[in-house]
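Have the sequence and the 3D view open side by side. This briefing takes one topic at a time.

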Amino acid sequence: MPKRLFTILWCCALILLILFFPNTALASASSAISSWLSVVLPSLLPFCIATSLLEECGAVALFARWLQPITTKIFGFSGAFSYAFLASCLSGYPMGAKITSEIYANGQLSQAEASKMINCTSTSGPMYLVGAVAIGMLGDASLAKYLLIPHYLSAALLAILVGRRFRKTCPQSAAALARPDLSQPISFGEALSHSVAKGLDSMLAVGGFMVIYAVFAQGLLCALQAILPAESESTRQLLSLGLGALEMTTGCIHSNILPLPQRILYLCGITSFGGFCIQSQTAALCAKSKLPIRGLFWHKTLQGLLCVLFAGILMLAMPIQNAGTPCRFPSASAYLPMSIFLAVCALFCLLLSRRKRRSRG
C-alpha cells in the first residue's frame with residue numbers, strides 16, 4: 001500500500017507540474033528526446049541488437065565459459081560478468097543491466113550472482129562521457145580523461161571488492177555456468193528479427209524514462225524557483241545541481257554555473273551515480289526477468305564518491321590546462337556542490353528506507 005500511494009502521489013505531482021509549467025515541460029521533453037536520438041539511440045541500439053543476436057546463437061555462454069577462469073580469479077564472478085561489464089563500458093547505461101537480466105533469464109546465472117552483477121555492470125559509456133559531456137558541455141575533448149579514468153577505475157574497483165566477497169559467500173554459484181544448447185538449428189533471419197524487436201523495445205523504454213524524469217526534474221526546479229525569493233539566486237543554482245540526483249543529464253547541463261575544477265568533480269560524481277532515472281531503467285529491465293535489485297542505490301552512491309576521489313587525485317597529479325593557465329587543485333569549497341548533492345541523495349535514501357520498512361511491516 002505505501003508503495004502504491006507513493007506512485008500515485010508522484011504521478012499527481014508530475015501532472016500538476018506539466019499543467020502549471022507547460023512550456024518547461026515541452027522544452028525539457030524535447031531536449032530529452034533530442035539527447036535520446038542523437039546520443040543514446042545511435043550508441044546503444046546497434047550494440048543492443050548485436051548482443052541479443054549473440055545470445056540467440058548461444059555465443060555468449062561460450063565466451064563466458066572461455067573467460068571464466070580469468071574473471072573468477074580477478075573479480076570472483078563467473079565468465080558472464082566479463083562480457084556484461086565490457087558491454088556496459090562500451091555502450092553505457094543500461095546495457096549492463098539488460099545483458100545481465102537476459103543471461104539470468106536464460107538460466108546461465110544464479111539469482112544471487114545476477115543480483116550482484118547488476119550493481120557492478122552499471123556504467124556510463126565513452127560516447128556519452130566524451131561526446132556529450134567533455135565535448136558538448138565542457139567544450140574540450142582533452143578533459144575527457146578526467147571523466148573516463150575515474151569512472152571506470154571506480155567501477156572496476158567496486159566490482160573486485162563485491163565479487164571477492166560474493167565468492168566467499170556463494171562459491172558454488174560463482175563457478176556455475178550452464179552449457180549452451182547448440183543442438184537446435186536457428187534461422188539467422190528469425191534470430192535477427194527477434195534481436196531487432198528486443199532492441200527497439202528496450203530503447204523505447206529508455207527514451208520514455210529519460211523524458212519522464214527530465215520533465216519532472218525541470219518542472220520541480222521551476223516550482224522551487226517560484227517559491228524561493230528572487231534574491232536567492234545561489235540557492236536556486238544549488239537546487240538545480242541537486243536535481244541531478246533525479247536525472248543525470250539535467251544535472252550535467254546545469255553544472256555550467258560551477259568553475260571548471262569543481263564542475264569536473266560534480267560531473268564525475270553525477271555520471272557515476274547515474275541518477276534515479278538510470279536506476280529506474282535498471283529496475284524496469286530486471287523486472288522483465290523477475291530479477292530482484294538489491295543495494296543498487298548504495299553501490300552507485302559509493303561509486304560516485306570513489307569517482308570524485310579519483311578525479312581529485314588525477315587533477316592533483318595532472319593539473320588541468322585552461323587557456324594556457326594550469327587550474328589549481330580544488331579547495332575545500334569546491335566540494336560544497338557535491339556535498340549538497342550527497343545530502344539530497346541521503347534524503348531520498350532515508351525516505352525510501354522508511355517506505356520499505358512500512359511495506360514490510
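Two residues are in contact when heavy atoms of theirs lie within 4.5 Å of each other. With that cut-off, Y128 touches V39, V133, M248, T249, C252 and T271, leaving out residues up to four places away in sequence. Keep in mind that this is a predicted model.

**Nonpolar cores**

- The largest nonpolar core has 67 residues.
- Y128 belongs to the group that touches the most other members of this core, together with F81, L147, M203 and I264.
- Helix 2, residues 22-57, gives this core its largest share, with eight residues.
- There is also a second, separate core of 20 residues. Among its members are V211, A214, A245 and C277.

**Helix 14: buried or exposed?**

- Helix 14 is mostly covered, with 10 of its 14 residues buried.
- The buried stretch includes G275, F276, C277, I278, Q279, S280, Q281 and T282.
- L285 and C286 are buried in helix 14 as well.
- Just after helix 14, K290 takes a positive phi of about 55°.

**Helix 5 against helix 14**

- Helix 5 covers residues 95-105, and helix 14 covers residues 275-288.
- The two helices pack at an angle of about 15°, and their axes are 9 Å apart.
- Helix 5 is therefore roughly parallel to helix 14, because angles under 35 degrees count as roughly parallel.
- The crossing of helix 5 past helix 14 is right-handed.
- Which residues of helix 5 meet helix 14? They are A97, K98 and S101, and they meet T282, L285 and C286.
- An α-helix has 3.6 residues a turn, so residues three or four places apart point the same way.

- Where is G274? G274 sits in the loop between helix 13 (260-273) and helix 14.
- G274 has a relative accessible area of 0%, so G274 counts as buried.
- Apart from neighbours within four places in sequence, G274 is in contact with Y93 and M248.
- M248 is one of the residues that Y128 touches too.
- G274 and F297 are 23 residues apart along the chain, and their C-alpha atoms are separated by 9.6 Å.

Conventions: Residues are numbered from 1 along each chain as its sequence is written. This is a predicted model: local features need pLDDT of at least 70, side-chain atom pairs count only at pLDDT 80 or more; totals for chains, interfaces and linings use all residues. Side-chain values use heavy atoms; hydrogens and water are left out. Axes are lines fitted to C-alpha atoms, for helices over the stretch in contact, and angles run from 0 to 180 degrees between N-to-C directions. Helices (H or I, at least four residues) and strands (E, at least two) are DSSP runs, numbered from the N terminus. Angles under 35 degrees count as roughly parallel, over 145 as roughly antiparallel, 65 to 115 as roughly perpendicular and the rest as oblique. A crossing is left-handed if the near helix is turned anticlockwise from the far one by less than a right angle, and right-handed if clockwise. A nonpolar core is a set of buried Ala, Val, Leu, Ile, Met, Phe, Trp, Tyr and Cys residues joined through side-chain atoms within 4.5 Å. Buried means under 20% relative accessible area, exposed over 50%, partly exposed in between (1.4 Å probe, protein chains only).
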